[in-house]
Amino acid sequence: MTSFLLGLAWGIAGVLVIAGGAVIGVWWERKVAGRIQLRYGPQQIGPAGSLQMIADVPKLLFKEDVVPLAADRPLFKWAPLAVFAPVAAAMAVIPFVKGWAPFDTSVGILFFLAVPSLEVVAILVAAWAQRNTYSALGGLRAASQMIAYEVPRALSVAPLVLLAGSLRPVDVVGSWRWWWLPLLALGFLVYVIASIAEMNRGPFDLPEAESELVAGYFSDYSGMRWAIFMMAEYGAIITASLFAAATFLGCGWPFDGAVGVVALIAKTALLVTVVMWAKWTLPRVRQDQLLRFCWTVLVPAALVQLAIVGVVLPWL
């Protein structure tokens with residue numbers, strides 16, 4: 001019973017963190033996009049438009065929840081939660097300070113890579129449940145893209161496991177040294193690019209290309225269920241950035257304690273901004289370019305990084 005209550009508490013905390021992060025993330029992305037496009041972005045409600053989401057969230061919550069007549073109603077209604085749950089679960093294994101993570105497990109790295117993969121199944125279910133051609137095409141595009149980019153993403157994390165000698169994220173953060181930064185620079189780059197593709201973010205946002213598929217695998221969703229898809233997307237950005245900041249960038253390094261947590265949040269915010277910058281700066285690639293880039297560039301680059309660490313490891 002105690003474990004159940006503890007798990008429930010962490011689950012609620014994870015949802016609140018992701019929901020708050022999504023609200024801030026939407027506002028920040030509007031500001032980043034505005035800056036890139038030489039405009040101000042939100043500026044009317046609150047300082048620098050920071051309270052704009054207070055007006056937007058109630059609109060989403062009270063918007064009519066439309067279910068298409070031909071849709072599979074049970075699957076249509078539950079699919080958004082199935083997309084969101086793996087993202088929230090993945091955040092639990094990330095260390096926020098040295099020696100502590102909400103869910104400290106000896107296979108945490110494997111957990112972080114494997115659990116979000118379940119999102120692929122949920123996206124396919126959501127796409128199929130709408131009984132809509134555009135949604136089905138978006139779902140198939142998302143599945144092929146996410147499965148392909150799982151490979152370079154997992155390979156880019158493998159050098160961390162080799163250097164730390166453990167699959168436990170807390171051990172990786174505890175073993176981290178400053179010289180890991182230059183040594184793992186290639187792997188870090190592969191991880192960031194592969195993560196952007198796995199999150200279906202621009203320039204790899206083919207599954208939800210508005211001009212072709214009208215939002216793709218969630219084109220028939222509205223109101224709160226559409227908002228859950230958005231929460232899952234921004235939650236994935238925060239989770240992937242937080243993991244990279246904790247493992248590749250040394251968590252709170254060069255500080256400890258509360259200042260270290262602030263440093264970790266700052267590194268995460270910087271990575272989130274990079275992901276947003278990529279979406280609003282780079283043109284969308286074609287499907288063939290997307291898959292070719294994965295197998296001919298990212299996978300070989302990740303293997304090169306693995307070989308470099310393999311050569312260096314006996315000398316450490």
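**Two loops and a pair of helices**

P254 sits in the loop that links α11 to α12, where helices (H or I, at least four residues) and strands (E, at least two) are DSSP runs numbered from the N terminus. The model is a predicted one, so to speak of local features takes a pLDDT of at least 70 and side-chain atom pairs count only at pLDDT 80 or more, while totals for chains, interfaces and linings use all residues. Residues are numbered from 1 along each chain as its sequence is written, and side-chain values use heavy atoms, with hydrogens and water left out.

The peptide bond leading from W253 into P254 is cis, with omega near 10 degrees. The loop between α11 and α12 also holds C251, whose phi is near 55 degrees, a positive value in a residue other than glycine. C251 is buried too, at a relative accessible area of 2%; buried means under 20%, exposed over 50%, and partly exposed in between (1.4 Å probe, protein chains only).

Helix α11 (residues 223-247) has 25 residues and reaches 36 Å from its first C-alpha to its last, close to the 36 Å expected, a span worked out as 1.5 Å times one less than the number of residues. Most of α11 is covered, with 22 of its 25 residues buried. Helix α12 (residues 257-281) includes T268, which is buried at a relative accessible area of 8%. T268 touches I238, S241, L242 and A245, leaving aside residues up to four places away in sequence; a contact means heavy atoms within 4.5 Å.

Zooming out, the protein chain comes to 13 helices and zero strands. Of its 316 residues, 48% count as buried. Its radius of gyration is 20 Å, which agrees with the value near 20 Å for a compact globule of 316 residues; the radius is taken over C-alpha atoms, and the globule rule is 2.2 Å times the number of residues to the power 0.38. The C-alpha atoms fill a box of roughly 65 × 50 × 45 Å along the principal axes.
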